[in-house]
Amino acid sequence: MPTDSWASAVEAPRCGVRTVFGASRSGEPVAAATAKPDGYTLSLGVPTIWMTLIQAYDAAVASGSNRWKLPTGMRSMVGGSAVPEALIRAFAKHGIWLLQGWGMTELTSIGTQLQRSRALDKIGSCGRPVMHAELRIADAEGRTLGTGEVGELQVKGPIVIPGYWRRPEANATS
């Protein structure tokens, strides 16, 4: 499982999952994980990692190299920031659908996920809440707002951390 996510780095080994980490910004070590994709079922990373990978792959193909093989059908999750449409389309043309979602450090990594089948028709969406996540938009007084109104996104459920370790001042303001 090529990964760039701290949560998977902690949880995957506990579940007996083989984990591969990229080590460079050049794209080479990250791409090396896809050079022999047999057995990989999930890959995680931020948009910068994915953009570097697909640009390096496309450049290699354009130069006639057949060194890499992209693992079609593999689930590839993107997080850390919004996923650019160009990135979604660049992978889609190779038969790889980037799973989009939203999360934050204070959650157990992910709070929403967009269905793979909706990747191209819901570009810009982070999807629906994951299991055990309740989301709402609230105003400054904590009242729930309606559809189309602007406010603060609030998350509730067992996926939310109970507080910051040894940081009472941070807990008091969150």
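Student: Are Trp50 and Phe91 buried or exposed?

Tutor: Please note that this is a predicted model. Trp50 is buried, and Phe91 is buried as well.

Student: How many aromatic pairs does a search of the whole structure find?

Tutor: The search finds one. Trp50 and Phe91 form this pair, with 5.4 Å from centre to centre and 90 degrees between the planes. Planes over 60 degrees apart count as edge-to-face, so the pair is edge-to-face. Trp50 belongs to helix H3 (residues 47-62) and Phe91 to helix H4 (residues 85-92), so the pair ties together parts that are 41 residues apart in sequence.

Student: Which ring has the charged end of Arg167 over it?

Tutor: That ring belongs to Tyr164, and the charged end of Arg167 sits 5.5 Å from its centre.

Student: How should I read the order of strands in the open sheet?

Tutor: In general, strands of a sheet pair through backbone hydrogen bonds, in either a parallel or an antiparallel manner. Here, an open sheet of five strands has the order S3-S4-S5-S6-S7, and its pairing is mixed. Strands S3 (42-45) and S7 (128-129) stand at the edges with a single partner strand each, so one side of each has no neighbour in the sheet. Within the sheet, S5 (residues 98-102) and S6 (residues 112-113) pair in the antiparallel sense over two bridges. Trp102 stands opposite Thr112 in S6.

Notes:
Residues are numbered from 1 along each chain as its sequence is written. This is a predicted model: local features need pLDDT of at least 70, side-chain atom pairs count only at pLDDT 80 or more; totals for chains, interfaces and linings use all residues. Side-chain values use heavy atoms; hydrogens and water are left out. Rings of Phe, Tyr and Trp (its six-membered ring) pair if their centres lie within 6.5 Å; planes under 30 degrees apart count as stacked, over 60 as edge-to-face and the rest as tilted. Helices (H or I, at least four residues) and strands (E, at least two) are DSSP runs, numbered from the N terminus. Buried means under 20% relative accessible area, exposed over 50%, partly exposed in between (1.4 Å probe, protein chains only). A charge sits over a ring if NZ of Lys or CZ of Arg is within 6 Å of the ring centre and within 35 degrees of the ring normal. Two strands pair if DSSP finds at least two bridges between them.
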